[in-house]
Amino acid sequence: MSTVMRLEDISLEYPVPRQYRKEDVLPSGVRNISLDIQQGEVLGIVGRNGSGKSTLLKIMAGVFPPDNGIISSKGSVSLLAGVGVGFHKELTGRENAYLYGALMGRTQQQIDELIGEIQDFAELKHHFDRPIRTYSSGMKSRLGISVATAFRPDLLLIDEVLGVGDASFRKKSEDRVKQLIQDSGTVVIVSHSMGLLSSICTRIALVENGNVVSIGPPQDTLKAYSELLKIE
Amino acid sequence: MSQELHEQELVPLWGKRSLHRLPFIVASDLLRSRHLLRLLVKRDLNARYRRAYLGYAWAVLEPLLLAIVYTFIFTILVGSSDPMYPVKIIIGIIGWTLFARSLTTSAKSLSSSINLFQFARVPKTVFATSGTLTNALLAVISLTSILPFYFIHDLPVSLNLVLILFWMFVLTFTGWGLGLLIAPISCKIPDVLNVVSFLVRAGFFLSPVMWTYDMFSNRFGEGWHAIVAHLNPTVIPITGMRDALLGESTTIPTYAYVMCFGFALGSYILGTIVFERKAHQAVVNV
């Protein structure tokens with residue numbers, strides 16, 4: 001198994017707004033995180049709200065540069081963060097899918113080949129050619145998951161979006177992610193759903209106050225997380 | 001695919017890039033991202049006009065209607081005797097709007113496109129450039145508002161007309177470069193955008209939109225007033241657009257051309273260096 005991403009002593013602190021600087025509040029972000037992500041693994045990330053999980057994913061995606069440390073990767077990386085993030089409400093589902101594909105570095109021809117699959121998976125039927133502003137939040141999330149997984153990045157980062165939609169679509173999304181993993185894709189997933197994480201993850205990391213305080217087999221980390229929540 | 005990936009080496013995401021290479025790196029990034037640029041321009045155009053009943057006609061109507069208003073003010077109320085004055089105003093409006101929009105769109109690009117940065121690792125200059133290209137395209141479309149005056153005044157048709165596009169390119173390039181310079185600063189100090197907004201409004205009157213180069217020269221001569229006026233990067237390009245359209249040849253000193261092109265090139269070099277060095281970190285502030 002080869003390493004697809006390596007984080008070495010990564011730190012990032014969000015700037016504290018001027019009006020809050022005098023208060024005795026620790027700046028949020030992540031601190032001194034070192035981590036190797038292996039090809040084909042599903043790494044889950046758990047932690048309380050504000051612990052630094054989403055920041056860590058944004059650093060992995062190359063959205064935010066770390067203040068310190070080195071992050072290296074190989075292959076394509078895509079971050080699925082939030083329902084419909086990046087979709088333009090005036091564009092149709094199809095146009096948004098093409099734009100997303102181009103953002104992923106895909107050519108027109110590659111997107112043409114995948115567009116049917118995206119439409120079928122999202123179950124949008126004729127709505128696919130209507131502006132996104134006419135979509136319900138469930139429809140937007142179906143389109144989001146459909147396009148993000150269809151382009152099959154080498155490393156897919158998912159931030160709390162697999163729990164969207166109705167029960168049947170949630171099952172379908174999980175199956176799609178499992179399929180992606182079988183195709184040698186690598187997934188890092190942030191979720192509060194312990195059931196989902198324990199069923200699909202090979203390892204789970206617990207993030208607390210911007211640090212990875214525990215990493216290992218799903219059951220061990222989830223147990224540590226449960227204890228942390230009880231202490232709270 | 002997995003075998004290919006297996007054989008690849010890990011590459012640092014944020015490797016150091018030498019300062020003098022940054023302007024070339026930006027140009028090469030944009031060339032590589034041309035497919036994405038095309039889609040983003042299409043998206044911007046659709047978003048702007050899809051729901052309007054008159055659609056793209058607004059790109060022509062807007063400068064035309066403004067020209068009618070200004071013509072009314074300056075020919076009827078003020079009493080200008082130049083029959084070509086309305087055409088000069090339209091050109092001034094098109095040129096100034098192009099520069100101002102190129103500047104503001106690229107200056108705001110980091111904060112306005114933050115949701116798109118999150119999908120994947122894409123050069124951030126693409127978002128600053130797509131908005132600028134959209135405005136440039138709309139400015140070219142808006143040139144059709146001059147057509148009625150062409151027939152009314154029997155204006156000359158010659159190869160010189162191509163120069164209009166050249167000067168429009170200079171305006172776009174300068175505004176875009178300045179916007180790249182401002183974008184990361186505005187993420188850290190949002191007040192900068194308010195200053196830009198004020199300067200754009202003030203610049204409308206300080207640029208040759210409602211006045212011409214000749215009007216200025218006749219009034220102030222070629223002393224220090226002229227040197228100060230040439231610090232405005234829109235003076236020469238807008239005058240060049242007017243000359244190309246009307247077949248005129250305004251006497252402009254050589255140093256003014258040097259200042260104009262120097263400003264354009266300087267904005268690009270400084271803008272790309274500051275943007276590439278600071279934009280990634282600045283996004284954390286948004």
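Biologist: In E1(B), what is the bridge partner of Ser72(A)?

Modeller: Two strands pair if DSSP finds at least two bridges between them. Here the partner of Ser72(A) is Pro12(B). Strand E4 (residues 68-73) of chain A is joined to E1(B) by 2 bridges, and the strands run antiparallel. Helices (H or I, at least four residues) and strands (E, at least two) are DSSP runs, numbered from the N terminus. This is a predicted model: local features need pLDDT of at least 70, side-chain atom pairs count only at pLDDT 80 or more, and totals for chains, interfaces and linings use all residues. Residues are numbered from 1 along each chain as its sequence is written, while chains are lettered from A and ligands numbered from 1 in the order in which they are written.

Biologist: How many residues of chain B are in contact with chain A?

Modeller: Contact means C-beta atoms, placed from the backbone, within 7 Å. By that test, 32 residues of chain B touch 39 of chain A. Elements of chain B that each supply at least two residues include helix H1 (2-7), strand E1 (11-12) and helix H14 (254-283). H3(B) gives the most, with 6 residues.

Biologist: Is helix H2 (residues 93-103) of chain A mostly covered or mostly open?

Modeller: Buried means 20 or more other C-beta atoms within 10 Å of a residue's own, with C-beta atoms placed from the backbone. In H2(A), 10 of 11 residues are buried. Among them are Glu95(A), Asn96(A) and Tyr98(A).

Biologist: Which helices do the buried residues of H2(A) pack against?

Modeller: Helix H3 (108-122) and helix H4 (137-150) of chain A, together with H3 and H6 of chain B. Just after H2(A), Gly105(A) has a positive phi of about 85°.

Terms used. Two residues are in contact if their C-beta atoms, placed from the backbone, lie within 7 Å. A residue is buried if 20 or more other C-beta atoms lie within 10 Å of its own, exposed if 12 or fewer, and partly exposed in between; C-beta atoms are placed from the backbone.
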